[in-house]
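Please open the structure in your viewer and keep the selection tool at hand. The tour below moves from one selection to the next and says what is there.

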There are 2 protein chains.
Amino acid sequence: MRVCLYGLGSIGSATARALLADPDVRITGAIDVDPRKTGRGLHSLLRMRGSSDVEVTADPAATLASGPHDIVIHSTGSRLKQIVAQLEQILGAGFPCVTSCEEMAFPEAAAPGLARRLDRAARAKGVALLGAGVNPGFVMDALVLALSGATREVEHIAVERVLDPLSRRRVFQKKVGIGMTWKEANRLVSDGSMGHVGLRESAHLVARGMGWNITSVDEDVRVLCADEAPKPRSRRASHPDAPVTGLRQTLIARSGRTERIRMEMLMQAGVEGAHDAITINGHPGLNLWIQGGIPGDEATVSCLINAARHAVAPPRAGLLTVLDLPLRPSHFRSSGSSRSPADATAAG
Amino acid sequence: MRVCLYGLGSIGSATARALLADPDVRITGAIDVDPRKTGRGLHSLLRMRGSSDVEVTADPAATLASGPHDIVIHSTGSRLKQIVAQLEQILGAGFPCVTSCEEMAFPEAAAPGLARRLDRAARAKGVALLGAGVNPGFVMDALVLALSGATREVEHIAVERVLDPLSRRRVFQKKVGIGMTWKEANRLVSDGSMGHVGLRESAHLVARGMGWNITSVDEDVRVLCADEAPKPRSRRASHPDAPVTGLRQTLIARSGRTERIRMEMLMQAGVEGAHDAITINGHPGLNLWIQGGIPGDEATVSCLINAARHAVAPPRAGLLTVLDLPLRPSHFRSSGSSRSPADATAAG
């Protein structure tokens, strides 16, 4: 698989490291606008042994044109509006693309007009475009739907993810307000510029998978402070200058007056008992628990790479979601095929 | 969906009850050889309110011919050799079929010749045939592969299912030796006529999904007795007449000398901490836990019904496995479609 990387931030760099270690993959391009990165060789930038003739460039057009690439893995931002031109350039050059952009997990939620435009552009070139990652894209949506395969007459689905931002990279900590005062964090929350992006996308993916007609989606982001018991329904802090310890983010999706989906993320410094939990109210009822929670960044890299392999030979062209892919690692081949021992070694 | 039921044992009857309660489903035939069941109306047999014009018959040919049926849900036995003629009759009549027969989850393992014959028969009629259920078919295989979507470079997969047979139906208790002496149970284990059928099938499904070339599969069934600490590697009991409390069944699958898959089922009367657990050794490592374990019979009914809806419009004709189906409830429609509120109500 020949991969062009578009964006070498923390996710893009981690993806590059994983791909450089994979003998089945060749990196055929690396794009980033950061002047500290451009002009450098990829191995050197990533502080990896060995050398590659791939140089990081700030020129997407030239790098895309220098292909052939089998796929572009894109990782530059969370909001579709900020990155739509980049995706259009990739599609315009005729390449399939998997992006870590959270809103792209279900772009009809954030920007239905842009979603239609991207779908047309991908179809015009006969390639697939999709958003992937661990959240959104796996733990609060695809895994939920996988679990639902063993139940029926589902009435309600609840998903909870509890994590300690201190175990994550600095950029993530900043995203949940660590290092800010209560007042600063609340201003950013009001702007819509702080918090996890993706709950809404996950809820829409689950609703689509379940065949639910969702009529309302309510989201709430609450800033948490040190020495303060989290009170779900209050936004008052003891002091506007109190240091922020994280966020509690909740979403409720309803069909009419019936609550169908409840999602909650508690991202709090020092929180004990980090975990992911899925509860499906159906026949039978099902409870899934992942102790410690799925590690975010590392799993996002895996989800992106697995999705990339599927996107190279997609079920159809156009804008896809993870619901269109088999919930399986990329080295899955269709039933009836067999793999040689050499393949097995490479996969293992 | 018009469903013909073939086999009205505990799984078949529970499936019938679920289907009779579903307004989207009509039961168009019911077959069982038990003279206590034949000639009776389905509602009366299942002690359900209401009445149906469906009468249980012992004549598969006539009942199949009385269609049209969209699907036959078959549930008469665990071993392929015992039921292959029934499946051939169903396919011969031109109907797609989902069966709870455990060996049919991956029939190439138990009877590759029969698997090829069934594949040809299904292809000849352009219909799908597959085995489904919770185990094999979900918790120790499909769910494992779904989880693996968030990791890569997987080295090893371990799956454990711990359950208390006293919480299950009498037939299941007998299957694991409850009510027998150690000596009796060991004779049946040596015959291969006692124990859970399906570990081998699950291991093959996981290996296929992971792209692993499995060169050896070792299975061990150990009879457990009262007041005896389970010693995994010993078959000696304190007394041949000691009452059996259950079985510990293990499987190890290897690629060459590398252990790839370890599966263990502990089915022991009064066992505490029933659960299902999946551990994937990859990047990242993943641990999934289902407290209490997925309820076997109820989930098998759900798995059968979900698989039946997929098998009506399968990705291709022939012998399929659950790997060929989306890991999603049956009411999932492909991305881009939307559902009417009426649909949503029916699904809910």
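Begin with chain A, where 12 residues of domain 1 are in contact with 12 residues of domain 2, two residues being in contact if their C-beta atoms, placed from the backbone, lie within 7 Å. On the side of domain 1 of chain A that touches domain 2 of chain A, there are six nonpolar, three polar and three charged residues; here Ala, Val, Leu, Ile, Met, Phe, Trp, Tyr, Cys and Pro count as nonpolar, Asp, Glu, Lys and Arg as charged, and the others, Gly among them, as polar.

This is a predicted model, in which local features need pLDDT of at least 70 and side-chain atom pairs count only at pLDDT 80 or more, while totals for chains, interfaces and linings use all residues. Residues are numbered from 1 along each chain as its sequence is written, and chains are lettered from A and ligands numbered from 1 in the order in which they are written.

To colour the two parts of chain A, select 2-134 + 298-347 for domain 1 and 142-293 for domain 2, bounds that come from an automatic or database domain assignment. The C-alpha centres of these two domains of chain A lie 27 Å apart.

Next, select residues 199-210 of chain A, which form helix H10 (helices are DSSP runs of H or I, at least four residues, numbered from the N terminus). All 12 of the 12 residues of H10(A) are buried, that is, 20 or more other C-beta atoms, placed from the backbone, lie within 10 Å of their own. Gly211(A), with a positive phi near 75 degrees, follows H10(A).

Notes: Helices (H or I, at least four residues) and strands (E, at least two) are DSSP runs, numbered from the N terminus. The expected span of a helix is 1.5 Å times one less than its number of residues.
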